[in-house]
Amino acid sequence: LLTVAVDVNPFVFGEEGTGASASASASMNPQVDAVRAMQSFIDAGFTSFQIAPPPPPPFDFSSSSSPNKRRNKQEQNKMQQQHQQRILKNYSEKYIYRSLLKETPRSVLDKCRLSISLLNVVPDDVDVDEKGKDRYNYVPFGNGLVVRESISDSLLRMGCDSIDCVQVPYQKGSLYHLDVLDVLFDMQREGMIRSIEGLNMPPELLTSAESCGFHLENNQIQYNILDPTSYYGNMKQFYDKDDGKKMKLLTSSPLAGGLLADRYVKYRLGADGRPPPDLSTSQRRHLQTTVRSWAEYHEGGGNTPWMKFHNLVLGTLGDISFKHRTSAAAVALRWSMQTNKHLGSVVVRSGLGLGKEG
């Protein structure tokens, strides 16, 4: 029931707050360390893997920034994240997945499930601007020829003829999701892809896909104690089908970026209700989105979102974990698994044994 989202950010970018120790970034053989860690996961029974995306940059809530400046900054951050995601994808396929496939017995690999994700946009070519910096020209999501070429390039980097699973991300505003699925299902019939699943696909798009004969095996959405609404909205209809085409649910961020953990249960809350200063990028993102949204609909517990979260959520998790002699993270994971009968897997981000972040 657990899918490991392999976090190679520390190996590639050496980012702070990604869950890896300083020694990890300085490792002489990071690819070897990564593959050995994945093989240890397999030995422990965790056989489903995907590549963790780079954590999004935090929102700018500064009152000194104008709305236009914030929008421009967010657009720049989005392009930077897409560029980093492409680098991570290529690196992971060429050095991590390829090595794992080469160094692991076929009898073991037959029990594993390796997933790759299509990028929302892919680089068409590279120009150099007047300042000498690379400038990428991106092809819009939905170009069928580019989709086929992208999957073929992934297989070439991995050194294999087929991939277990391809994830199709939802791109808000795009009109070409069904065109992408059409190409991918053609490639599935050709034997290049074994399964296809959605990534944050909304109900209306899933309905359109089903009406065109495109049945996705899974749909991955964010789902945790603070944010169960994605499932309890209009999504249940796709998991309750009686026609033999039930869709499984994959839930990501079960620990809200690592905020649902003992470390923050034990954090000494100040009178000002401020969060800890050493939150990672992913944790700050969840604080600014998931925790803020949750706090708007809950009264009591304090004057700030973090104070409410600490007193009402972390306090309750701490009481339950103390009663059952386990960790707060274990309680949060157990909740994700037991409250959803349609669960296919819980996706947990891991720094390959070097650190974890949920």
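Student: Which residue forms a salt bridge with Glu93, and how far apart are the closest N and O atoms?

Tutor: In this predicted model, the partner is Lys89, with the closest N and O atoms 2.9 Å apart. Both residues sit in helix H4 (residues 67-103), 4 residues apart, about one turn of the helix.

Student: Is Glu93 buried or exposed?

Tutor: The cut-off for buried is under 20% relative accessible area. Glu93 has 1% relative accessibility, so Glu93 counts as buried. Lys89 counts as buried too, at 10%. The pair also belongs to a network of salt bridges that links Lys89, Glu93 and Arg157.

Student: What do Asp164 and Arg194 tie together?

Tutor: Their side chains meet in a salt bridge (2.4 Å, N to O). Asp164 lies in strand E6 (residues 163-169) and Arg194 in strand E7, so the pair ties together parts 30 residues apart in sequence.

Student: And the nonpolar side chains?

Tutor: In soluble globular proteins, they tend to be buried together. Here the largest nonpolar core has 45 residues, and those with the most contacts inside it are Phe49, Ile151, Leu184 and Ile193. Helix H7 (residues 177-189) gives the largest share of this core, 6 residues. A second, separate core of 20 residues includes Leu226, Ala295, Leu317 and Ala328.

Note on methods
Residues are numbered from 1 along each chain as its sequence is written. This is a predicted model: local features need pLDDT of at least 70, side-chain atom pairs count only at pLDDT 80 or more; totals for chains, interfaces and linings use all residues. Side-chain values use heavy atoms; hydrogens and water are left out. A nonpolar core is a set of buried Ala, Val, Leu, Ile, Met, Phe, Trp, Tyr and Cys residues joined through side-chain atoms within 4.5 Å. Buried means under 20% relative accessible area, exposed over 50%, partly exposed in between (1.4 Å probe, protein chains only). Helices (H or I, at least four residues) and strands (E, at least two) are DSSP runs, numbered from the N terminus. A salt bridge is a side-chain nitrogen of Lys or Arg within 4 Å of a carboxyl oxygen of Asp or Glu.
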